[in-house]
Amino acid sequence: MHKTEIIEKVAGLWPEIVMLIGATACLFIGLSKGKGPRRSTPWIAALTLALAALVVCKRGDAGEQALALTGIAHYIKLAVAGVGLILLMVAAGVPNRLRQTLDAEAAREFEPGDVMTGEFYAFFLLSLTGVMLTAGAGDLVWLFLALELTSLPTYVMVATSRDRIEAQESAIKYFFLGALSAAIFLYGFALIYGATGSTEFAEITRIAQEQIAANNNNVPGLLLMGIVLSVVGVCFKIAAVPMHFYAADVYEGAATPVTAFLAFVPKTAGAVALILLLSLVGWPLPAPIASLIWLIAVLTMTVGNVLGLLQNNVKRVLAYSSVAHSGYILVGLLAGPAVNQAAGGALGDGIAAVLFYLVAYGLGTIASFAVLGCLRAGDREAQTYQHISGIHKKHPFLAALMLISVLSLVGLPPLVGFLGKVYLIGSAYGAGFIGLVIILVLNSAISAAYYLRIASACYFGEPDETVHSAGMFGRTAGALIAATLAIVLGVMGNGLVNASRNATAPAMQAAAPAPAPQVQFSTAK
Amino acid sequence: MDYLLLLITVFPIVSALPLMLPIKAFDCRKTVWSYALLSTLVTFLFSLIAVFNFDFAHAGAMQLTGSVRWVDAFGLSFGYGIDSISLWLMLLTTFLMPIIVLGSLTAVNTRIREFYFWLIALETFMLGTFVATDIIFFYLCFEFTLVPLYILIGVFGSSDRLRAAKVFFLYTFTGSMLTFAGVMYVVYINHLTTREWSFNIQELYTAAAGMSVTEQAWVLGALMAGFAVKVPIFPVHTWLPLAHTEAPTAGSVILAGVLLKLGTYGLLRFALPMCPEAVVEYAWLIGIFAVLGVLVTALICWVQTDVKKLIAYSSVSHLGFCVLGLFALDADNTGAVGSVMYMINHGLSTGALFLCIGMIYERFHTREMAKMSGLGRVIPVWASFTVFFVLASVGLPGLNGFVSEFLTLIGAFLSPSNVLGFEYAAFAGMGMIFAAIYLLYMVGKVIFGPVKVPDVHNEDGSHDLKDLNGREILTLLPLAAGCLILGLFPYNMLSSLEAPVGKLTQAGKAAALQEPGLVQTDANGTPLRLVLDDQAVTNVNPTADRAAER
């Protein structure tokens, strides 16, 4: 690697550098003795995110040329910074409230100095940095490190989010399974390296193409094995079958705002990593890989939705719903960019659909978790249908937000989730996966049953006396913003659709003149 | 670009928003009610302006059109416009709404603000389905009508409301998801032929004409999945009686009056022009289910003990005629024109019957036929109105039901032998007799016979039975007038419907006749080109194109 190249790469990493500086600042200020500076950490984190978003916007056109997948990285960085701000509003206060969950005896021993505000926000920022780096990855090692940077802080966040044994249990489960998945995809990366002799995406793509061409248009075994293992390993991040087992337990154990974080951030990183990995062999995907993704997509949708139906705990329901949404996202990944179609609107581009859907799903799911996080049942978190039952009577505002978010998740027009479905289905048709479309719509119908149960509980149920609002302004505001965006982006979705479309445009341009339907994302030589 | 239709559509929901704001004045029942009444009356006024601006000489063309940007990159827009079919259905909606509000003053006691909010919000989405010229705009409104009604049933319904709301939502949502897949398929076909993504209904007609019969059959199946549930056609009607009986009166009137018509409207607007050959091929099946629906549910009506359930089942039975007429494809469009008129008539007469039953329920808190009889002698005004609407519903000549029911049967009778035929008309005709039996049986039990009055629960706590008050008479009077006028002078409406209905059934009729000039087939009999009278379909066989692409 040339020296100048490294400098260029670093120059493209300004948003991440800003995030790292912010994280470090949070870490240090969080250690200070005075309460005032410690209290300022969430504001520092917010400032950092805003600054990072600004830097992404400013440096959007120039400076990032050295990186692969410029457009997608740009989009994801901006989306992560933006949604990160909402997540921060939702999560703010998690560490402060920790001690309130203790029983009376322990509460007497409560020391304000114990409140560990700083680390939480530092880990929060670090994990988001990981997603940004994932999006900008141009190299297998980089990708691995970025994915791990996304996940490692979340283990700590889960463990420290609640002062209960469940949180620790979740964290341990999450950590071990996460480590296992990391081992699997690292093995996959190693095999890819073994097959092609390079870790750089551009180089791998070139060699893989040659090998495929030399091998009667079949993917050679070692490369295939590598890709399959990587994909299956990364499936852990997006909680897709067969790596979905942790989702319900971990989501249930973590504090609700942290669950919202888990449902969006690692999933985004995983989806982007899958885009990168699959682009190594290009779309239309070679038959064995396409079948694998098809199978994973169908299983993920169906398993997620069916198990979601059977739950009584709303957090577990939303966890399985998040599994199901990963299945929808995989449909877009399978369809891939619209290589053999003339430029005629954004529909038909699966990758753009995935980028759009990530945001659409993120808004709905964050809003619903945030509403759940606003409620407390006695001194515990509100978690079951019983707890959210009849909240309409006491908290009509929260009930309305919950209604909007579940309707967006179910894909009811005109909310943003519906546009996401239009986008995904358009791309699936464009790539000829008609059966998959039917499975997708049937799954949406199944999912309506449990989303509706949430809405019914909120609106028609009898209130549970122990449930009260946690009265957290930031969290309510976060839910409000996410739900409002779900409406606004649904009715006026032009901006986001164009952004997602433009994000994949460089890839389209690179692909268009190529005679083989092969996508080459890299602009660097 | 004309903004009138946009105004009509958006006005209700915008005017409903203040109801959810913390305004003290709206805590008073009368204020909220008057506000809702005002809002719906203004909407009605706007729609009358639309009627006056509508050029009946060109009733078949989309008028007062316009479009609001939505997602350009998808080719999505909020395109709107009306032909006379949409016009009449729009008018039906805006006409029914003030009446419903008028009738609801004492029907709701809790969460009154929300009740009117969802009621008025629902109007926006019902109107949206009728004015949409963009298929996703249509679909948006079609789907979103579920949410307000879901809440109206779930919050304001009677004892088993939760189950009713859930069944209603899931049943219709599942069907319409499949419809969505079908619609997207047509859009995709359009993309293959034109290289553009467009959701404009007119363009999709053109694209759909190029589909092979198999593709058309699948699309028809997908469309039927959503629309047949909504209508509802016989085997998938089971959600309706439950929803009707549990819904508050206002919900029932809207459901019977307008929402069921979304299904038949969808069949007419999309299924007929988009998959004409499949319609011809499978008309017998749809016809059989329609006739079965007419007969079986008529028999079910006969054994009902709950008056509201009886009327609910009678809706299913009546809409069977409507579906039969739609798929008749006879040369003069008698069936389809009759069907469209039937949609309006059924909305008026059945809506009115639900209102009548609601008034009785408010007094007695029961709807059991066994508990009441001879009411004609106790509350004669109510009884007169009820008998009047029952007769309209049965199809007494001179009232509106007769004209349309007769036309749909004639349509089925005249239908080409490869579509429907006289046997369908004959069997469905028996349904008319059954309808007379079960409705008059109900009238005989409840209104005539020895006087038997259940316990009366008035709002003020008193227990004397009062006949209809001025407000209630004012609620029913416009509907009665409507039934009479449309019964005596149906000609204007029928003639205005001919042109647009003709346009929509044209492709189907051509496919039914298989005239050599209209449908060209290749050696295997696969239709290659469908030439419509004013527009030649340029692209022909996308299957061939796609094969070449591969």
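Trainee: Which residue just after α20(A) takes a positive phi?
Mentor: This is a predicted model, in which local features need pLDDT of at least 70, side-chain atom pairs count only at pLDDT 80 or more, and totals for chains, interfaces and linings use all residues. Residues are numbered from 1 along each chain as its sequence is written, while chains are lettered from A and ligands numbered from 1 in the order in which they are written. Helix α20 of chain A covers residues 396–410; helices (H or I, at least four residues) and strands (E, at least two) are DSSP runs, numbered from the N terminus. Just after α20(A), a positive phi of about 90 degrees is taken by A:Gly411.

Trainee: How far does α20 of chain A reach from its first C-alpha to its last?
Mentor: The expected span of a helix is 1.5 Å times one less than its number of residues. For the 15 residues of α20 in chain A, 21 Å is expected, and the reach is close to that, at 21 Å.

Trainee: How many residues of α20(A) are buried?
Mentor: A residue is buried if 20 or more other C-beta atoms, placed from the backbone, lie within 10 Å of its own. Among those in α20(A) are A:Leu398, A:Met402 and A:Val410. The helix α20(A) is largely enclosed by the rest of the structure, because the count of buried residues, out of 15, is 12.

Trainee: And how many residues of α21(A) are buried?
Mentor: Helix α21 of chain A runs over residues 416–430, and A:Gly432, with a positive phi near 85 degrees, follows α21(A). The rest of the structure largely encloses α21(A), because its buried residues, out of 15, number 15.

Trainee: Are α9(B) and α11(B) roughly parallel or roughly antiparallel?
Mentor: Helices α9 (residues 213–230) and α11 (residues 249–274) of chain B pack with axes 7 Å apart, at an angle of about 165 degrees. Axes are lines fitted to C-alpha atoms over the stretch in contact, and angles run from 0 to 180 degrees between N-to-C directions. Angles under 35 degrees count as roughly parallel and over 145 as roughly antiparallel. The angle therefore makes α9(B) and α11(B) roughly antiparallel.

Trainee: Which element gives the most to the side of chain B that touches chain A?
Mentor: Residues are in contact if their C-beta atoms, placed from the backbone, lie within 7 Å, and 31 residues of chain B are in contact with 31 of chain A. Elements of chain B that each supply at least two residues to that side are β1, α5, α6 and α7. With 14 residues, the most is given by α7(B).

Key:
Angles under 35 degrees count as roughly parallel, over 145 as roughly antiparallel, 65 to 115 as roughly perpendicular and the rest as oblique. Two residues are in contact if their C-beta atoms, placed from the backbone, lie within 7 Å.
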